[in-house]
Amino acid sequence: MGEAAAKEQKGSADAPPVRISGQMTLQPPLSRRGRGPGLVLVLDHYAQKKVNLDRLDPPPTVKWAEEGFCVVEVSLPGKLEEDGEEFPLKRALEVLRECKDCEKDKGVALVSYLWRIPFYVEEQACLSKEVKAIVSYGGKKFSSINTAAETVPPQLLHFAGPPPQPQNPQRRTSVVPQPDYASLSSRNGPTEGTVKTFRYLDAKNETNWSLSADDDYHPASAGLAHTRSLKFIKDALDGPHFDLEALWDEHCKYEFGERDVEKTMATMVAEPYVNHIPTMTGGIGQESLTAFYTNHFVFSNPDDTALELVSRTVGVDRVIDEFVFKFTHDKEMPWLLPGVPPTNKQLAIPFTSVICFRGDRLCHEHISWDSGTAFNQLGILPEYVPFPYEIDGKKAAEKKRFEIKLPTVGVEGANKLVDEGSEKSNALIERGVVWREVDDV
């Protein structure tokens, strides 16, 4: 991990929210850096914004603050006696300007979780010269007919549900082609900025599908939309940027090198989770994950454990690694091989890890590997297994059963990941179906 990156990550993430009025709250950045660009969140007063204990996705204000933004949440409609207007954008921007943790030099972004957008919200967002990007979860483009609005900021629109007239009803994808925005633009209004759209077919239209506390919350769509929104806003505001590689290396250093659970957990958000997909081991939330790391992971890895990195892809909020996990199986490893006693075998297993970050803290890990190659290398996987179906249209004879040879590989799978020319391709295909008929005993 680079020294500069390490020094930068020593800030505080304990900044409490500040109530400005009954409809407005300031949440300073919850990143370790402790400062960041400004963000105005617009929500309906009746939207479900409380923490849902069954879901780890936090309320939007906390989530964006953990991403490193200085956030002002505005609930609509505002109260005239407190905020001066129904949509107190000017006051929200003033609050951001006065916040010492807000980086003010590159403007702010506005994120609307309204699925019905009042005209006065559109007008103020388009008229403000400080708003440099607009994200709308309501599937409606912001526009203005006010000649004072010289240019409407770039916009990212999230549409929920199927389009009114799908071109191909059988095609299911999270992305649909953009409509012709030339026909949708205000003909006599200001110059339109870039408009980008995505559609989420499985999310329910005219609902708060992106809010984790709502009954209509759709986690897969909400996750995709958030990542796309994050990329859009970071490009518009030129930040906040974090060295995700350095952050991941730091986490791995504490996890595998120093084997320090407390330091490992300190690199993560308030409520993280880890899922080892083949064995469904890990933990959800701070308490559960700390217990898992302490009792089943950090101290359960053999002393000669090594990770050979093969490739790394770095995105706006995640790091995806291909690597070979190497070790001598000289102790029980409940997270990887639950219920398997030590064999003293040497293993090399191809892994893929998807590591998601929220700001400068790790949010969750999805880790995958092929258990078949692990069992094969341990010598505990049968060469043949029962096959209780017909083969070539025939059933097994009475008191007989079919068995097939499993299509699994051993260490050669890891070899080919590291060096594509080291092993032959398609050997299992060329082998074809290998079966036998044996006594059913």
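Student: Starting with Asp238, what does that residue count as by relative accessibility?
Tutor: In this predicted model, Asp238 counts as partly exposed, because its relative accessibility is 45%, which lies between the 20% limit for buried residues and the 50% limit for exposed ones.

Student: And where is Asp238 placed?
Tutor: Asp238 sits in the loop between α6 and α7, and its phi is near 55°, which is a positive value in a residue other than glycine.

Student: Which peptide bond is cis around there?
Tutor: The bond from Gly239 to Pro240 is cis, with an omega near 0°, and Pro240 lies in that loop between α6 and α7, the latter helix covering residues 244-257.

Student: What about Lys399, what is its phi?
Tutor: The phi of Lys399 is near 65°, again positive in a residue that is not glycine, and Lys399 is located in the loop between β17 (384-386) and β18. With a relative accessibility of 67%, Lys399 counts as exposed, because the cut-off for that class is over 50%.

Student: Moving into β18, is Glu403 buried or exposed?
Tutor: Glu403, which belongs to strand β18 (residues 400-405), is buried, because its relative accessible area is 6% and the cut-off is under 20%.

Student: Which side chain does the side chain of Glu403 make a polar contact with?
Tutor: The side chain of Glu403 makes a polar contact with that of Arg401, at 2.8 Å.

Student: Then which residues does Glu403 touch, if I leave out those up to four places away in sequence?
Tutor: With those left out, Glu403 touches Tyr384, Val385, Pro386 and Phe387 in one stretch of sequence, and also Val434, Trp435, Arg436 and Val438.

Student: How many bridges pair β2 with β4?
Tutor: Strand β2 (residues 24-27) pairs with β4 over four bridges in the antiparallel sense, and within that pairing Met24 has Val74 in β4 as its bridge partner.

Student: Which residues of α5 are buried?
Tutor: In α5 (residues 119-127), the buried residues are Val121, Glu122, Glu123, Gln124, Ala125 and Cys126. Their cover includes strands β4 (70-76), β5 (102-112), β6 (131-136) and β7 (151-152), along with helix α4 (89-98).

Student: Now β11, in what sense does it pair with β16, parallel or antiparallel?
Tutor: Strand β11 (residues 268-276) and strand β16 (residues 361-369) pair in the parallel sense over five bridges, with Tyr273 standing opposite His364 in β16. To strand β12 (residues 281-284), by contrast, β11 is joined by four bridges in an antiparallel arrangement, where His276 stands opposite Thr281.

Student: How many residues are between β11 and β12 in the hairpin?
Tutor: Four residues lie between β11 and β12 in that hairpin, and Met280 in the turn has a positive phi of about 55°.

Student: Before I use any of this, what pLDDT does the protein average?
Tutor: The average is 89, and 88% of the residues score at least 70. Over residues 1-12, however, the pLDDT is below 50, and that stretch has 16 contacts in the model beyond near neighbours in sequence. Residues 176-187 also have a pLDDT below 50, with 19 contacts counted in that way.

Terms used: Residues are numbered from 1 along each chain as its sequence is written. This is a predicted model: local features need pLDDT of at least 70, side-chain atom pairs count only at pLDDT 80 or more; totals for chains, interfaces and linings use all residues. Side-chain values use heavy atoms; hydrogens and water are left out. Helices (H or I, at least four residues) and strands (E, at least two) are DSSP runs, numbered from the N terminus. Buried means under 20% relative accessible area, exposed over 50%, partly exposed in between (1.4 Å probe, protein chains only). A polar contact is a pair of N or O atoms within 3.5 Å; within protein, one must be able to donate a hydrogen and the other to accept it, and residues adjacent in sequence count only if both atoms are side-chain atoms. Contact means heavy atoms within 4.5 Å. Two strands pair if DSSP finds at least two bridges between them. pLDDT is the predictor's confidence in each residue, from 0 to 100.
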